[in-house]
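Please look over the sequence and the structure before reading on.

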Amino acid sequence: MKLHTSFGMNPRLVRMFMAEKGIDVDRVEVDLFAGENRQEPFLKKNPAGQTPVLELDGGSYLSETAAICEYLEELNPKHPLIGATAQERAETRMWLRRVEINICIPMVHAFYYKEGYDLFNTRVHCIPQAADELKVKARKGLVWLNGLLQPGKWICGDRFTVADICLFTYIDLLRNAGQPIPEDLDRLQAWFDRVAARPSADVSLFPMQPMGMRG
Ligand SMILES: N[C@@H](CCC(=O)N[C@@H](CS)C(=O)NCC(=O)O)C(=O)O
């Protein structure tokens, strides 16, 4: 297996997931700034033109972070990050969807439309006038989650899961790009600090530079 990776939250998510599980695979760095991911031959690997992509030994390719993580978990069920039982898996997927839909997607779209506009406007349909409202929407998602997080626990309670990794990677990148963690969300900040302290979150493992910024 080989991971086609780059800077950015989704590649980091997969690499954190692998680090938590002790999985190591060869990596190929893709140059997002140069748009390598938006041209052939990369588009043959992932027609959506995005990283990460997992190249399988048989020569086929998997993309979409959640699908890659599911695949890796099935091959490596030890130290589950999705779940050891049907109920655990369903609960993790439920939280992953909530976190993605209510927080991560509005956060990243706000970024595309504002701080990342210069890089992304030729790649995705950007709606600059929506950026500030999307930040408000994401913030409301964070406030909601802050009210549900229990001290010392993870998003799925006692289990550290891919939902924690996902939210962490988005917040960690975008907090330095116009979406800081709101000061009054103490439980969220404590949760964030606990994820950041895990060896799998070590930034020296990942290229972290935020993408082309403005405003
Ligand atoms: N839905 C995709 C999103 C992947 C994605 O947004 N990748 C970003 C890096 S974090 C990317 O390739 N951006 C460059 C581009 O869109 O040109 C997934 O879950 O893997």
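The text below treats the domains, the packing of helices and the surroundings of the ligand.

**Domains**

The model is predicted. Its chain is divided into two parts, with domain 1 covering 2-79 and domain 2 covering 86-201. The centres of domain 1 and domain 2, taken over C-alpha atoms, are separated by 20 Å. Where the domains meet, domain 1 gives 10 residues and domain 2 gives 10 residues to the contact. On the side of domain 1 that touches domain 2, α1 and α3 (65-75) each supply at least two residues. The largest share of that side, 7 residues, comes from α1. By class, the side of domain 1 that touches domain 2 has 7 nonpolar residues, no polar ones and 3 charged ones.

**Helix packing**

Two packed helices are described by the angle between their axes and the distance between the axes.

| Helix pair | Angle between axes | Distance between axes |
|---|---|---|
| α4 and α7 | about 15 degrees | 9 Å |
| α1 and α7 | about 140 degrees | 9 Å |

Helix α1 spans residues 9-21, while α4 spans residues 86-113 and α7 spans residues 162-174. With an angle of about 140 degrees between them, α1 is therefore oblique to α7. The crossing in which α1 passes α7 is right-handed. On the α1 side this contact involves Met-9, Arg-12, Leu-13, Met-16 and Phe-17, and on the α7 side Val-162, Ile-165, Cys-166, Thr-169, Tyr-170 and Leu-173. The residues in the contact of α1 with α7 divide into 9 nonpolar, 1 polar and 1 charged.

The angle of about 15 degrees between α4 and α7 is under 35 degrees, so these two helices are roughly parallel to each other. Here α4 passes α7 in a left-handed crossing. The residues of α4 that meet α7 include Thr-92, Trp-95, Leu-96, Glu-100 and Phe-111. Their partners in α7 include Val-162, Ala-163, Cys-166, Leu-167 and Tyr-170. In the contact of α4 with α7 there are 14 nonpolar residues, 1 polar residue and 1 charged residue.

**Ligand surroundings**

Which residues are the closest to the ligand? They are Gly-8, Asn-10, Gln-50, Thr-51 and Thr-65, and 14 residues surround the ligand. Helix α1 contributes the largest share of this shell, 3 residues. By class, the shell around the ligand consists of 3 nonpolar, 8 polar and 3 charged residues.

Note on methods
Residues are numbered from 1 along each chain as its sequence is written. This is a predicted model: local features need pLDDT of at least 70, side-chain atom pairs count only at pLDDT 80 or more; totals for chains, interfaces and linings use all residues. Axes are lines fitted to C-alpha atoms, for helices over the stretch in contact, and angles run from 0 to 180 degrees between N-to-C directions. Helices (H or I, at least four residues) and strands (E, at least two) are DSSP runs, numbered from the N terminus. Angles under 35 degrees count as roughly parallel, over 145 as roughly antiparallel, 65 to 115 as roughly perpendicular and the rest as oblique. A crossing is left-handed if the near helix is turned anticlockwise from the far one by less than a right angle, and right-handed if clockwise. Two residues are in contact if their C-beta atoms, placed from the backbone, lie within 7 Å. Ala, Val, Leu, Ile, Met, Phe, Trp, Tyr, Cys and Pro count as nonpolar, Asp, Glu, Lys and Arg as charged, and the others, Gly among them, as polar. A residue is near a molecule or strand if its C-beta atom, placed from the backbone, lies within 6 Å of it. Domain bounds come from an automatic or database domain assignment.
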